[in-house]
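Please read them alongside the sequence and the coordinates.

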Amino acid sequence: MKRGKAARSWIPRGLRTGVRWKISVAIAFVGALVAVALSLVVHNAARVSMLDNARDVQDERIQFVQRQYEARGGSNLPVGFKVDDPALPHDLRLKAREGRRVTYVSESASGVPDIWAAVPLSNGGILSVHTRFADRSATVMKDLDKALLIGSISVVLGGSALGVLIGGQLSRRLRKAASAAHDVAAGQSDVQVRRAIGGVVRDETDDLAQAVDAMADALKQRLEAERRVTADIAHELRTPVTGLLTAAELLPPGRPSELVKDRAQAMRTLVEDVLEVARLDSAAERAELQDIMLGEFVERRVAARAAEGVTVRVIHESEVTTDPRRLERILLNLLANAARHARPPIEVSVEGRVLRVRDHGPGFPEELLEDGPSRFRTGAADRAGHGHGLGLTIAAGQARVLGARLTFRNIRPQGADHGAPAEGAVAVLWLPEHAPTNTGSFPMVRLPD
């Protein structure tokens, strides 16, 4: 069930950010835009209002001085008032020549506005007054700008904090949903995503969780129906296949009878493997645990099999608690797979709780490395009639019952790229430190303080 050369596509990884920070940045950005817009509006409105008040004051002053000046016959002008001032702005002079009382605002080089007022006199002259924008008004504007800046920063920080709180709650719910979905995908049928996320407030994450739960239930029912059909078919085939094998034993010796016996035995093995896969898929299998010395166990099983081209090397002996029957099944399936699809020598090594089976064939198919073993998939079109893809599937299922991890990888020359031909394959069985209980769960381990 191995050895292909399909190239694995390289997918670039994008920038990964959390929902919490996306919401926080969005709220902060919107808050900053609103704060800046309001600050500009308030600043301009306050400035315009103060300038209008200053112009009104200048207008009242020049009217009062005009009346006093003409009543006294043109003498004793207050400080700042002039007649026919040469510095009078041209536009203001033209309006006054038309007989109109005018106020005017001009920007000085220092950036402080100048407030002008002019009125025509009865003798043909132009009375004008010129003052700077009041220092008190400029101070008020500075204080207002400072208050607006502090308020804008407060709005942005407050919006960011609110975004962190809201986004954090949503992010926690999504992480809980993702964790529960991973548990469901790992085969924990009693896990429900909606129950895992909890919470009193209902939102879109609850709809997503309910949809995932419904999808998981539908898939579970479909898989269970397929498993039952497979198990029923294999069980019904067991009796006629056994009868066929018994009848084949009664045939007279010869090449035809040997072929019939061989095919009947192959059919019986296939039926038994299908039944075993169906039992493993039901997640009802439990390990019968014993304490064994792993290296000694592997040496005895390989010697009893009397396999040619297989060497065993115990690097580090270790005592493990596991199911010997299931462990033997995994070991023999890995050896059978290597013998069928690879080339000798086949090397078996034991290092602590790790068991490795290494061959020198063309390597595992890329589909197996990416997706794991799959029933009735042998990995190459040139292997017609060489296995049914059940050996590694059974090994992986038995490893799950033991609480172990079974991994597969190819061996390539040092420095070779990913597409280079493999020089062999390695299947690694990682036995757990704590064996599963009779219920299939793992014991809780109290860590030292």
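1. Helices (H or I, at least four residues) and strands (E, at least two) are taken here as DSSP runs, numbered from the N terminus. On that basis D84 lies in the loop between β1 (81-83) and α2 (90-97), and it has a positive phi of about 55° although it is not a glycine. With a relative accessibility of 38%, D84 counts as partly exposed, where buried means under 20% relative accessible area, exposed over 50%, and partly exposed in between (1.4 Å probe, protein chains only).

2. The model is predicted, so local features need pLDDT of at least 70 and side-chain atom pairs count only at pLDDT 80 or more, whereas totals for chains, interfaces and linings use all residues. Residues are numbered from 1 along each chain as its sequence is written, and side-chain values use heavy atoms, with hydrogens and water left out.

3. The protein chain holds 10 helices and 11 strands, and 34% of its 449 residues count as buried. Among contacts (heavy atoms within 4.5 Å) between residues at least 6 apart in sequence, 66% join residues at least 24 apart.

4. A nonpolar core is a set of buried Ala, Val, Leu, Ile, Met, Phe, Trp, Tyr and Cys residues joined through side-chain atoms within 4.5 Å. In the largest one, which has 34 residues, V298 and L429 touch the most other members. Two or more residues come from each of α7 (294-305), α8, β8, β9 (354-358), α10, β10 (405-411) and β11 (424-430), and α8 gives the most, with 6 residues. Leaving aside neighbours within four places in sequence, V298 is in contact with V312, L331, V348, V350 and L355. A second, separate core of 9 residues includes I62, V65, A117 and V119.

5. Helix α10 (residues 391-401) is largely enclosed by the rest of the structure, because 9 of its 11 residues are buried; among them are L392, I394, Q398 and V401. The helix is followed by G403, whose phi is positive, near 75°.

6. The peptide bond from P344 to P345 is cis, with omega near 0°, and P345 is found in the loop between α8 (324-341) and β8 (346-351).

7. Which residues make the nonpolar surface patch of about 500 Å²? The patch is formed by F29, V30, L33, V34 and L38, and L33 is found in helix α1 (residues 19-71).

Key
Patch = residues over 30% accessible without salt bridge, like charges linked within 9 Å, V, L, I, M, F, W, Y side chains within 5 Å. Areas by Shrake-Rupley, 256 points an atom, 1.4 Å probe, with all protein chains shown as cover. Salt bridge = Lys/Arg side-chain N within 4 Å of Asp/Glu carboxyl O.
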